[in-house]
Amino acid sequence: MPHTQTGLPMPTLNRRMANGIVWMVLARLIDRGIGIVSTLILARLLVPGDFGLVAMATAVGGVLDLMSAFSFDLALIQNANATRRHYDTVWTFNVIFGLVCGCALLALAGPAAAFYSEPRLAMVMCVLSLSYFVGGFGNVGVVAFRKELNFRQEFNFVLARRVVTFVVTIGAAFVLYSYWALLIGMTVGRIVGVGISYRMNSYRPRLDLSAASELFHFSKWLLVNNVLFFLLHDGCTFIIGRLFGANELGIYAISYEISNLPSTELVAPINRATLPGFSKMQDAAEISLSYLKLLGTISTIILPVGLGIAAVAQPLVLALLGAKWMDAIPLIQLMAIHGAIGATQGNNSTVWMALGKPRNTTLLAGGFLLVLFPALYFLLKAVGIVGAGYAYLLATACTLPYTIVVTKRLLGFSWSAWLTRLWRPAASVALMYAGVQLLDSTLHAAAPLLRLMIDAGAGALLYVLLLLAMWQLAGRPDGAERYLLDKALRR
């Protein structure tokens with residue numbers, strides 16, 4: 001029986017990875033479930049301009065975050081021989097970067113307010129700097145939760161921080177009815193997160209930079225990756241804020257958050273759990289088997305969620321956000337399709353990291369940006385903020401072939417094995433989308449909440465029936481359908 005680098009049998013490691021995925025997805029679902037409820041409440045209490053103003057400040061903070069975007073936590077997880085001096089060096093860097101970023105936010109408050117022609121932004125950035133000062137002191141010992149596949153502790157850590165942030169933000173919103181509620185929640189959440197990290201892990205870091213050269217050797221590509229991914233996710237924020245102002249930026253920010261729920265709330269925690277598992281496997285053949293199984297499961301679950309958001313965008317916005325967010329509907333539809341496609345392929349970068357190939361992630365992000373920014377330039381001017389949705393969708397379509405081909409070359413699986421995992425959920429979700437659109441066209445006279453419930457329920461039922469029918473016609477092969485059915489029957 002093959003063993004991993006830690007001496008665990010492959011079945012044992014796969015089981016621990018599966019348990020880790022359950023804990024991480026559960027943590028993310030609860031975390032973002034609270035976050036979604038928070039967003040819906042805040043969308044009713046605040047106006048789009050409030051969200052846009054805070055998005056301006058966090059975008060500037062994101063630029064400063066790039067100074068510390070070495071992802072040293074991934075270096076600790078990937079390095080099976082990491083010692084105390086590696087952990088202490090990471091903590092020391094985090095403290096330095098936190099202090100530098102906090103001071104830089106204070107210095108840039110005035111220039112940023114002038115750039116956006118938004119005087120309120122200066123004070124917002126001054127308050128935000130506090131979270132950077134404090135956040136750098138977080139306990140690096142919590143990285144061991146993932147490294148040692150102790151995902152239950154990671155779950156507890158994430159949940160405790162989110163609950164405190166939710167209570168503070170919503171309470172402040174009911175009292176203040178302004179963007180200050182968002183800032184207070186962010187700052188208090190960061191401070192509480194630091195305290196919880198020391199409460200939950202006994203590791204006590206010390207100032208030390210002795211392992212700096214070893215960490216930078218692995219993380220130099222991660223820095224480039226993080227810079228590119230920041231531009232990929234937040235570069236549009238600067239453009240929209242500059243061209244259209246806080247109100248339109250707020251609409252974009254909420255649209256992006258809702259439409260990318262499949263990738264941020266489901267696939268991201270899966271990748272968080274699988275990276276340490278993939279890193280402990282001995283060779284590409286072992287990773288390939290786990291990767292293909294995971295690809296089928298992710299596609300079966302994520303595609304209907306992403307395309308479902310696109311299909312019910314209109315009743316969703318009317319029922320949950322209100323009429324003042326109507327301009328978000330077309331943007332949510334386009335961004336949801338982009339998010340669903342990207343989510344099914346998100347695990348490729350995890351495989352590349354586990355194999356020590358972060359350069360491929362850099363090339364992917366660079367290629368995406370080469371398509372995205374020219375498209376944004378032309379489309380935002382041509383059709384307004386909805387052009388951002390078209391631009392992201394175009395960039396996804398252009399870079400998808402590279403993503404698949406690189407992973408195939410590294411792992412050596414066949415095209416037929418890859419297509420077998422994808423064709424049934426892809427065909428089922430396309431038919432589901434068409435069915436929901438047809439059904440919704442007959443429900444315009446109904447109340448938005450009723451429309452949303454009927455569309456969502458009918459879409460889910462139609463997808464499951466179509467998927468099972470196609471699986472049955474294919475001879476009930478071993479795959480995601482059998483795995484999910486077995487899990488459901490056991491429970």
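Me: In which helix is V100 found?

Reply: This is a predicted model, in which local features need pLDDT of at least 70 and side-chain atom pairs count only at pLDDT 80 or more, whereas totals for chains, interfaces and linings use all residues. Residues are numbered from 1 along each chain as its sequence is written, and side-chain values use heavy atoms, with hydrogens and water left out. A helix is a DSSP run of H or I of at least four residues, a strand is a run of E of at least two, and both are numbered from the N terminus. The run that holds V100 covers residues 84-116 and is helix α4.

Me: Does V100 count as buried, partly exposed or exposed, and which of these words applies?

Reply: Buried means under 20% relative accessible area and exposed means over 50%, with partly exposed in between (1.4 Å probe, protein chains only). The relative accessibility of V100 is 39%, and therefore V100 counts as partly exposed.

Me: How many helices does the protein chain have?

Reply: The secondary structure of the protein chain includes 0 strands. Its helices come to 20.

Me: What percentage of the residues of the protein chain count as buried?

Reply: The protein chain has 491 residues. The buried share of them is 53%.

Me: How many residues of helix α15 are buried?

Reply: Helix α15 spans residues 347-354 and is mostly covered. Among its buried residues are N347, W352 and M353.

Me: Which residue with a positive phi follows α15?

Reply: The phi of this residue is near 75°. The residue that follows α15 is G356.

Me: Which residue has its backbone nitrogen 3.0 Å from a polar atom of the side chain of S197?

Reply: S197 lies in helix α8, residues 180-200, and is buried, with a relative accessible area of 2%. Leaving aside neighbours within four places in sequence, S197 is in contact (heavy atoms within 4.5 Å) with residues including G138, V142 and F157. The backbone nitrogen at 3.0 Å from a polar atom of the S197 side chain belongs to N139.

Me: Which residues does S288 touch, not counting those up to four places away in sequence?

Reply: S288 has its place in helix α12, residues 284-311. This serine is buried, with a relative accessible area of 8%. The residues that S288 touches, beyond four places in sequence, are L411 and F413.

Me: Is S117 buried or exposed?

Reply: S117 has its place in the loop between α4 and α5 (121-135). Although S117 is not a glycine, its phi is positive, at about 55°. With a relative accessible area of 61%, S117 is exposed.

Me: What is the relative accessible area of R476?

Reply: R476 lies in the loop between α19 (448-473) and α20 (480-490). Its phi is near 50°, a positive value in a residue other than glycine. R476 is partly exposed, with a relative accessible area of 42%.

How values were computed:
Polar contact = N/O pair within 3.5 Å; in protein donor to acceptor, adjacent residues only side chain to side chain.
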